[in-house]
Amino acid sequence: MNDQQLLRYSRHILLDQIGIDGQERLLAARALVVGAGGLGSPAAMYLASAGLGSIVLCDGDTVDLTNLQRQILHHTAAVGRPKALSGRDTLACINPDVDVIPLAQRLAGNGLEEQVAAADVVLDCSDNFATRHAINRACAKYRKPLVSGAAIRFDGQVSVFDLRDAASPCYNCLFPEGRDVEEVRCAVMGVFAPLTGIIGATQAAEALKLVAGCGESLSGRLLLLDGLGMEWRQITLTRDPACAVCGGT
Ligand SMILES: [Zn+2]
């Protein structure tokens, strides 16, 4: 680290659990953030401000006026622009040290697998089950830690599926694909603006801890937030030995 970096990251370096070594690990790491919306905004902004070296920011949508209430990565002038590019510009203003790789497309198939394979940590900030399951399958295949978040109305949830560990449950253990689940979207249901901030910032915290190698992750635990009562609940997760994604490994 140069003098400017020692200053910029000094409040991390002062933490015994991070220090110079942990900050060097952050600077050398690569994160994949899928979704530059309500969750991806705070998640990517904290990863960038904290000096996570390379951030792949993926989103196929353009910024809409209805996004600005919560998607704090995007400014009013960005309406109509691809979210990946608008996000890249904001992150570059926050921290020019960070290499942001914008992908203005909905990642799927080989493209998704390539990005997951190249990442040290994956943040699922998407808003639909098809993408969530595709990310989970790729993380299981390449044994990458997955930080998963969701927010709708006043309700949020967040967990880590640390697929480097064969004993860890995966997203599909918790929400098996094909089970009749109702897809709920912010577009129709509404979402409380800071709820996405709380959940997205929690995802950033878990990702930074995983990369820096400090603390205990949410692996094996699902946190549920009731934003109206402002109460957190914790559910212990166990691996499903019959899971179609991780059961055979
Ligand atoms: Zn599983």
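**Figure 1. Strands β6 and β7 side by side.** In this predicted model, β6 and β7 (residues 221-226) run antiparallel and are joined by five bridges. To get your bearings, look for valine 158, whose bridge partner in β7 is leucine 223. Six of the eight residues of β6 (residues 155-162) are buried, so this strand is largely enclosed by the rest of the structure.

**Figure 2. The hairpin of β5 and β6.** Here β6 meets β5, again running antiparallel, with eight bridges between the two. One of the pairs is proline 145 with its bridge partner in β6, aspartate 162. Two residues sit between the strands of this hairpin, and arginine 153 takes a positive phi near 50°.

Figure 3. Eight strands make up an open sheet with mixed pairing, and reading across, the order is β3-β2-β1-β4-β5-β6-β7-β8. At the edges are β3 (99-103) and β8 (231-236), each pairing on one side only. From one strand to the next, the twist averages 15°. Helix α6 (residues 109-118) packs on the sheet and touches β1 (30-34), β2 (54-58), β3 and β4, its direction making about 145° with that of β1.

Figure 4. Strands β1 and β2 run parallel, joined by five bridges. Leucine 32 has valine 56 of β2 as its bridge partner. Four of the five residues of β1 are buried, so β1 is largely enclosed by the rest of the structure. Elsewhere in the sheet, β4 (residues 121-124) pairs with β5 (residues 145-152), also in the parallel sense, over three bridges. Look there for aspartate 124, which stands opposite serine 148 in β5.

Figure 5. Is leucine 103 buried or exposed? With a relative accessibility of 15%, it counts as buried, because the cut-off for that is under 20%. Apart from neighbours within four places in sequence, leucine 103 contacts Val56, Leu57, Cys58, Asp59, Ala84 and Gln115. For a sense of scale, leucine 103 and leucine 224 are 30 Å apart, C-alpha to C-alpha, and 121 residues apart in sequence.

**Figure 6. Helix α4, tucked in.** Eight of the ten residues of α4 (residues 40-49) are buried, so the helix is largely enclosed by the rest of the structure. The buried set is Gly40, Ser41, Pro42, Ala43, Ala44, Met45, Leu47 and Ala48. What do the buried residues of α4 pack against? They pack against β1, β2, β4, α5 (83-94) and α10 (193-212). Just after the helix comes glycine 51, with a positive phi of about 85°.

**Figure 7. Glutamine 5 in helix α1.** Glutamine 5 lies in α1 (residues 3-8). At 15% relative accessibility, this residue counts as buried. Setting aside neighbours within four places in sequence, glutamine 5 is in contact with Leu27 and Asp97.

Figure 8. Phe154, Phe192 and Leu228 make a nonpolar surface patch of about 300 Å². Of these, phenylalanine 192 sits in the loop between α9 (186-189) and α10. This phenylalanine 192 is partly exposed, with a relative accessible area of 39%.

Figure 9. Across the whole structure, a search finds seven salt bridges. Arginine 132 and aspartate 124 form one of them, with their closest N and O atoms 3.4 Å apart, and both residues are buried. Glutamate 177 and arginine 137 form another, with a closest N-to-O separation of 2.7 Å. Glutamate 177 is in the loop between α8 (171-174) and α9, while arginine 137 is in helix α7 (residues 129-142), so this pair ties together parts that are 40 residues apart in sequence. Glutamate 177 is partly exposed at 43% relative accessible area, and arginine 137 is partly exposed at 38%. Then there's a network: salt bridges that share partners join Arg81, Arg88 and Asp89. Within that group, the side chains of aspartate 89 and arginine 88 meet at 2.9 Å, N to O. Aspartate 89 is partly exposed, with a relative accessible area of 32%, and arginine 88 is partly exposed too, at 29%.

Methods: Residues are numbered from 1 along each chain as its sequence is written. This is a predicted model: local features need pLDDT of at least 70, side-chain atom pairs count only at pLDDT 80 or more; totals for chains, interfaces and linings use all residues. Side-chain values use heavy atoms; hydrogens and water are left out. Two strands pair if DSSP finds at least two bridges between them. Axes are lines fitted to C-alpha atoms, for helices over the stretch in contact, and angles run from 0 to 180 degrees between N-to-C directions. Contact means heavy atoms within 4.5 Å. Buried means under 20% relative accessible area, exposed over 50%, partly exposed in between (1.4 Å probe, protein chains only). Patches are made of residues with over 30% relative accessible area and no salt bridge: like charges are joined within 9 Å, nonpolar side chains (Val, Leu, Ile, Met, Phe, Trp, Tyr) within 5 Å. Accessible areas come from the Shrake-Rupley method with a 1.4 Å probe; for residues, only the protein chains shown count as cover. A salt bridge is a side-chain nitrogen of Lys or Arg within 4 Å of a carboxyl oxygen of Asp or Glu.
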